[in-house]
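Here's a quick tour to read with the structure open beside you. Take it one topic at a time.

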Amino acid sequence: MNGSARGLVFLTLVAAALVLVAAYAALLMAPNAAGLTPDETAAQRIIYFHVPSAWLSMLAFGVTTIASIAYLAKGRRFWDGVAVSSAEIGIAFTLAATASGSLWAKPAWNTWWTWDPRLTTYTIVFLLYVAYFMLRSALEDPARRARFAAVYGIFAFLSVPITFMSIRWWRTIHPVLLDSKNFGLSRGMLPVFFLSLIAFTVFYFVLLAYRVRLERTREQVDALKEQLGY
Amino acid sequence: MNFWRAVIAIVWKDIRAELRTKDIFSSMFVFALLTVILFNFAFELRVPDMKMVVPGIVWVAISFAGTLGLNRAFVIEQDKGSLAGLLLAPVDRAAIYFGKLIGNLLFMFVVEIIILPLVMIFYNLSLLSPEHLLVLLLGTYGFAAVGTVFAAIAVNTRAREVMLPILLFPVLLPVLIAGVKMTGALLDGELLGSLGNWLQIVVVYDVGFTVVAYLTFGYVMEE
């Protein structure tokens, strides 16, 4: 086992421990939210999963964009591997955030779904990256696939804030956590919330490391197959 | 050859080819007309007043027809091998981008100018004021600026024509929303001055993505 592989195993264990502790803290240690119906009080704990998932998906798509720019600038296959790996993780956590949000919305808003700006933007983001993967699968030449996907990845990510702004002129009912005056969580909740954020972020980098390694292995297999004439 | 002379040469080439075949224009126009008529059937019995949905109909018809036109513009180039010729020409890749962009913009705008009076007749509305045309031009520009890059990508994929709307529509959404909102507000008698926010969004979109397209088009056209 070489050094980087050992480092990855260590990081995996750290991420697992952090996620377990965060789950314990979120379910048992964090205080109940005040002034909600019993149903809502239980559902409110979704925040320790929902917000980190949403954050993680945005982080992942941001990394995809940076890796895409790096690929176009440097032309190294490694960056394309990072871009596609991160986008895959991003899609998974987009779904996680959407599903958990929907579970929360039922007791809180009495509906699974509304055309609120954030939900709508999120759906569009999901579709953007579905398109990203459809584009990749429709291209065979690896160099061209990497180039086109990088260009599309940059366009897609840059369109998200404009899309959000344009949908925002409709009235929103999504709870705002961060506004300029105060933070919408009580004191007991804050440490748990940030613990969840950190745990998810570490978890993301572990997933990314494995996925990039997988991508590299896949390229090596392809190269070997070519050599052997398959 | 300097930059803008190359751009004008490419636009002029596209216009001349189009005047001979009328290929792009006819398919876009017929498709836009069909979309308007289909929407008429889709909504008529459930919507209390068709005027309420006209902005949506106009912008969806433009998007669909525009997608068709963008696809045609690049498929024709590729099938005849002229795209390779264009790439061999000693001009900047960015000149090719702006040439194709202006060509696409012109075709779309001509189709819009003809489709609008028809919509006006069908729904008894006034859509041909300078304000309406400005909104239309800004929206169409955003569409063409992004669409030209994506069409160049889509034409090289296995799925070809199918790929473009899938790539384009999610990125295009801000333009579509702002366009529908502004056309609707103008129809309700509001002044352009009260639509500052929407105008800003479209202008930011247009300028921002022109810059991104300018920077990235070379990578799409690399052979």
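This is a predicted model: local features need pLDDT of at least 70, side-chain atom pairs count only at pLDDT 80 or more; totals for chains, interfaces and linings use all residues.

Chain B is built from eight helices and zero strands, and 26 of its residues are in contact with chain A.

**How chain B is built**
- Walk along chain B from the N terminus and the elements read α-α-α-α-α-α-α-α.
- Its C-alpha atoms fill a box of roughly 55 × 35 × 30 Å along the principal axes.
- Chain B has a radius of gyration of 18 Å, which agrees with a compact globule, because 223 residues packed that way would come out near 17 Å.

**Inside chain B**
- Out of 223 residues in chain B, 44% count as buried.
- Take the contacts in chain B between residues at least 6 apart in sequence: 83% of them join residues at least 24 apart.

**Where the chains meet**
- The 26 residues of chain B touch 25 residues of chain A.
- On the chain B side, helix 6 (130-154), helix 7 (163-187) and helix 8 (196-221) each supply at least two residues.
- Sort that side of chain B by class and you get 19 nonpolar, five polar and two charged residues.

- Chain A averages a pLDDT of 85, and 92% of its residues score at least 70.
- Confidence in chain A is highest in helix 3 (residues 47-74), at a mean of 93, and lowest in helix 2 (residues 38-44), at 75.

Notes:
Residues are numbered from 1 along each chain as its sequence is written. Chains are lettered from A and ligands numbered from 1 in the order in which they are written. Two residues are in contact if their C-beta atoms, placed from the backbone, lie within 7 Å. Helices (H or I, at least four residues) and strands (E, at least two) are DSSP runs, numbered from the N terminus. Ala, Val, Leu, Ile, Met, Phe, Trp, Tyr, Cys and Pro count as nonpolar, Asp, Glu, Lys and Arg as charged, and the others, Gly among them, as polar. The radius of gyration is taken over C-alpha atoms; the globule rule is 2.2 Å times the number of residues to the power 0.38. A residue is buried if 20 or more other C-beta atoms lie within 10 Å of its own, exposed if 12 or fewer, and partly exposed in between; C-beta atoms are placed from the backbone. pLDDT is the predictor's confidence in each residue, from 0 to 100.
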